[in-house]
Amino acid sequence: MFSNATHAAFMQKCTKDRSTLPAVLTDAGYQTCAKRKMHFDPARAHYGFEHMRLPLDYMREYDKKQPLARPKIHGVGECEAEPVISTVEEKDSITTWTADEAIDFLETRDTTRPFFLWTSFTKPHPPFDGLLCEMVL
């Protein structure tokens, strides 16, 4: 049986040994990048990725934009299944942010190197806070 502690120790060893997939690819000359949810602990552990942009970065960006766009002020938590309407417009949603981040990497990457891009979309995932334009279909 694995616990968070044994998983963390295993991943730390893999990172030290450079045996994670992103580390192996980075060491082979690939440009490696992760965008969005990674389930790493600690969250900023890169496990061999050269670059990462996480949900924490999305929230930090939108903290600076308030009150124009503030995600999740509806108060529904990360593990609740109660549907609510999103507090941001589509252009400010985490889905749009993730897609824009991935596109930005593809448009600005080093074209002389092969690349590995890990893009993980959050939705559908609690909180189920659909965009207003989707809820009124």
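These notebook entries record what I looked up in a predicted model.

**Entry 1: conventions.** I worked on a predicted model, in which local features need pLDDT of at least 70, side-chain atom pairs count only at pLDDT 80 or more, and totals for chains, interfaces and linings use all residues. Residues are numbered from 1 along each chain as its sequence is written, and side-chain values use heavy atoms, with hydrogens and water left out.

Entry 2: I looked up the strand order and found an open sheet of three strands, 2-1-4, with parallel pairing. Strands (E, at least two residues) and helices (H or I, at least four) are DSSP runs numbered from the N terminus, and two strands pair if DSSP finds at least two bridges between them. Strand 2 (51–53) and strand 4 (115–120) each have a single partner strand, so one side of each lacks a neighbour in the sheet. Neighbouring strands are turned by 10 degrees against each other on average, direction ignored; the axes are lines fitted to C-alpha atoms, and angles run from 0 to 180 degrees between N-to-C directions.

**Entry 3: strand 1 and its partners.** I then followed strand 1 (residues 31–36), which is joined to strand 4 by six bridges. Thr 32 has Phe 116 of strand 4 as its bridge partner, and Ala 34 stands opposite Trp 118 in strand 4. Towards strand 2, strand 1 pairs over three bridges, with Lys 35 opposite Arg 53. Six of the six residues of strand 1 are buried, where buried means under 20% relative accessible area, exposed over 50%, and partly exposed in between (1.4 Å probe, protein chains only).

**Entry 4: Thr 26.** I located Thr 26 in helix 2 (residues 21–27). Is Thr 26 buried or exposed? Thr 26 is buried, at a relative accessible area of 17%. Apart from neighbours within four places in sequence, Thr 26 is in contact (heavy atoms within 4.5 Å) with Arg 18, Thr 32, Gly 48 and Glu 50.

**Entry 5: nonpolar cores.** I took a nonpolar core as a set of buried Ala, Val, Leu, Ile, Met, Phe, Trp, Tyr and Cys residues joined through side-chain atoms within 4.5 Å. The largest has 11 residues, among them Met 11, Ala 34, Tyr 47 and Phe 116. A second, separate core has five residues, including Tyr 58, Val 88, Ile 94 and Trp 97.
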